[in-house]
Amino acid sequence: MPQRNSNISQFLPCALLLLALLTTACSTTQPARTTIPERVAQQQGPEEILARATQSPNSSVRNTLLLEAAQLYWDNGLAGQAFAIIKDINPDQLPAAHTNTWLQLGLEIGLALEDKLFLDDILQPERINYFIAQSPIDTQKNLVMLVSDGYLALDRGMEAAVVLSEHTGLFEADELDHLNNLIWSALTSIATADLTRTSYAGGDSNTREWIELATQLRLLQSSLEEQYHYLTSWFETHPSHSATIFPPFELQVLTQLPHISPNTVTLALPFSGPLANVAEAIRDGFMASYYQQPRQQNLRIEMFDTHMRALTELYQQHDSGQHLIIGPLEKDKLQTLAGDEQLSIPTLALNTLDPLSTPPDLLFQFSLAAEHEAAQVARHLAQSRLNRVAIIGPDDAFGNRIEQIFRASLQEWGGTVIASARYADQSSLSATVSHLLATDKSTQRARKLRSITQLSLQSEPRRRQDIDAIFMLAKPAIGRQLKPLFAFHYAKQLPVYSISQIHARDGQPNDDLNGVRFVEMPWMLSNTHPIKASLNQHTEDQAQRYARFNALGADAHVLSSRLPLLQQLPDSRVSGQSGLLSLNTRGTIERELQWAMFKNGAAIAIQE
């Protein structure tokens, strides 16, 4: 717990006298959102206050003046200057009356500038709890909300939920509905593995029951019926809990889902023709997920071969009712379907339209598109302050498309692509890497110097030094050659990132890929999932070749009953086999994949 500085008792009388003189001299005051009780020289600018701070031998006075200057800069919209000052403040050397101001101002600045390192430094639990407890009630409420936002910015959803729940008593009855939605949103942001591993050590039963509810619903998320029955039972068992009295909106929707979920699902896929194997893998994943839910056996499932029959026939045979169509898989059929502005039946297509197109209201899109993966990697690199990225990829339409998405996403998050190179085939890999890292230019300069001087000069090529990370687009066979080439061209220490295409269980050794980080669907990183085990009826070759489409089918089944939930709750997510699934404003299912890394030749899940 922070200790008050021994000089505080000497400083307070002087400060209070100064405050009284200022109050008498000034006819008007301009209270800020955060108030420093011993306000100094309202007419002075922050530069004058900073000058006084540097001259003060008293650490308490110095830190108080720095806080005053930071507050003035912040109030005048100068976040950068405020940030530079507040980083230099030691909160343990502030008078106790100022610690809540420091915490509030620091969190506001850190959140505004999205500076995770600064937020992480501020959010030390023992300090936070003490500073909140020492504040007036209204200030406590504001601090609790800011602390929660800070934890969420650091992807620490559990701590965000706990600080809100443990301080529920601060809030009035008419505020609990909003508060409970915030608690639930924080809990649902936590990865399943992290949520199930959580052991709450605090003594607040309200918080413990929140975590219990979130954990059990997450474990049952593959079965909507099971979730429904657990939730209704939980409400009956905990009648006085705030989640029962003021249930979050997502839980309100969940209680209604069995009544609005489809009772008939048609798999409209090309079960014959060149895509038959893919369609069968999707069907098998869907059915394996379906049979894992004993309560859902009343769902009617139909098959429709889009290779042999026109989709218009399917839509003519059925009325809207509680019916969902999953498909088509073929791009051309989806484009035709998207032109039907009067689409009458909710449809979950297993492909995506051009981003510039406008899909009809009842059309949803779900696919394994690599664009979402590239955007996720770009966001992660920028948030990790690996802002200057070099890209290497194939010289084809796929490489062009993914690079465009990656560039746009990286730029959106404050990073930039500073180098890009394309390879045509295996024979061009070394030259492409040399060009990317500029070792070819280094070699050319050395040759030119030897030519000019006519001396036998010894030189070692150097790569460019302004690269923070490499984004590598490559299939495993190419990646196994590129990674050693980076080391050969003096970039062994640069982190290398990729998307899921770098990972294939093809039986080939992957030691040359050691250290490469990539995003991957959970399905491909687990050998123990019960749905996956039920698909062992396939030959090993089929299971490996079409495994990703098994996952697509399994997730299509989970989504079939959850589309209403995703529609009504824009921030809600479903933990699927192909990633963490959410629905954007265009009706497209977005996937956030799991992070993995090659270690000792094997792909392992990691926390990034």
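R401 is partly exposed, with a relative accessible area of 38%, where buried stands for under 20% relative accessible area, exposed for over 50% and partly exposed for what lies in between (1.4 Å probe, protein chains only). The structure is a predicted model, in which local features need pLDDT of at least 70 and side-chain atom pairs count only at pLDDT 80 or more, while totals for chains, interfaces and linings use all residues. Residues are numbered from 1 along each chain as its sequence is written, and side-chain values use heavy atoms, with hydrogens and water left out.

The partner of R401 is E371, and the closest N and O atoms of this salt bridge are 2.5 Å apart; the term stands for a side-chain nitrogen of Lys or Arg within 4 Å of a carboxyl oxygen of Asp or Glu. Because E371 belongs to helix α19 (residues 370–383) and R401 to helix α20 (residues 397–412), the pair ties together parts that are 30 residues apart in sequence. Helices (H or I, at least four residues) and strands (E, at least two) are DSSP runs, numbered from the N terminus.

Side chains of opposite charge can pair when their charged atoms come close. A search of the whole structure finds 17 salt bridges, and two further examples can be followed residue by residue. R283 pairs with D284, with 3.3 Å between the closest N and O atoms; here R283 is partly exposed at 26% relative accessibility, and D284 is buried at 11%. R300 pairs with E302, with 3.2 Å between the closest N and O atoms; R300 is exposed, with a relative accessible area of 52%, whereas E302 is buried at 16%.

Salt bridges also link D120, R156 and E159 in a network. R156 is located in the loop between α8 and α9 and is buried, at 19% relative accessibility. When residues up to four places away in sequence are not counted, R156 touches D120, L123 and Y151, contact being heavy atoms within 4.5 Å.

Most residues other than glycine have a negative phi, and most peptide bonds are trans. D155 has a positive phi of about 60° although it is not a glycine; this residue sits in the loop between α8 (137–153) and α9 (157–166) and is exposed, at 63% relative accessibility. E114, also not a glycine, has a positive phi near 55°; its place is the loop between α5 (99–113) and α6 (116–122), and at 61% relative accessibility E114 is exposed. The peptide bond from G327 to P328 is cis, with omega near 5°, and P328 is found in the loop between β3 (323–326) and α18 (331–338).

The interior can be approached through its nonpolar cores, a core being a set of buried Ala, Val, Leu, Ile, Met, Phe, Trp, Tyr and Cys residues joined through side-chain atoms within 4.5 Å. The largest nonpolar core has 70 residues, of which W102, L103 and L187 touch the most other members. Helix α3 (residues 59–75) supplies the largest share of this core, with 9 residues. Neighbours within four places in sequence aside, W102 is in contact with L67, I86, I89, P91, L94, I122, R127 and F131. A second, separate core of 30 residues includes L324, L329, L348 and V558.

In helix α10, the buried residues are L176, L179, N180, I183, W184, A186 and L187. They cover an arc of only 160° around the axis, so they lie on the same side of α10, the arc being that of the directions from the helix axis to the C-beta atoms.

Three strands form an open sheet in the order β11-β12-β13, and their pairing is antiparallel. Because β11 (574–575) and β13 (589–592) stand at the edges and each has a single partner strand, one side of each is left without a neighbour in the sheet. Two strands pair if DSSP finds at least two bridges between them, and β11 is joined to the antiparallel strand β12 (residues 580–583) by 2 bridges. S575 has L580, in β12, as its bridge partner.
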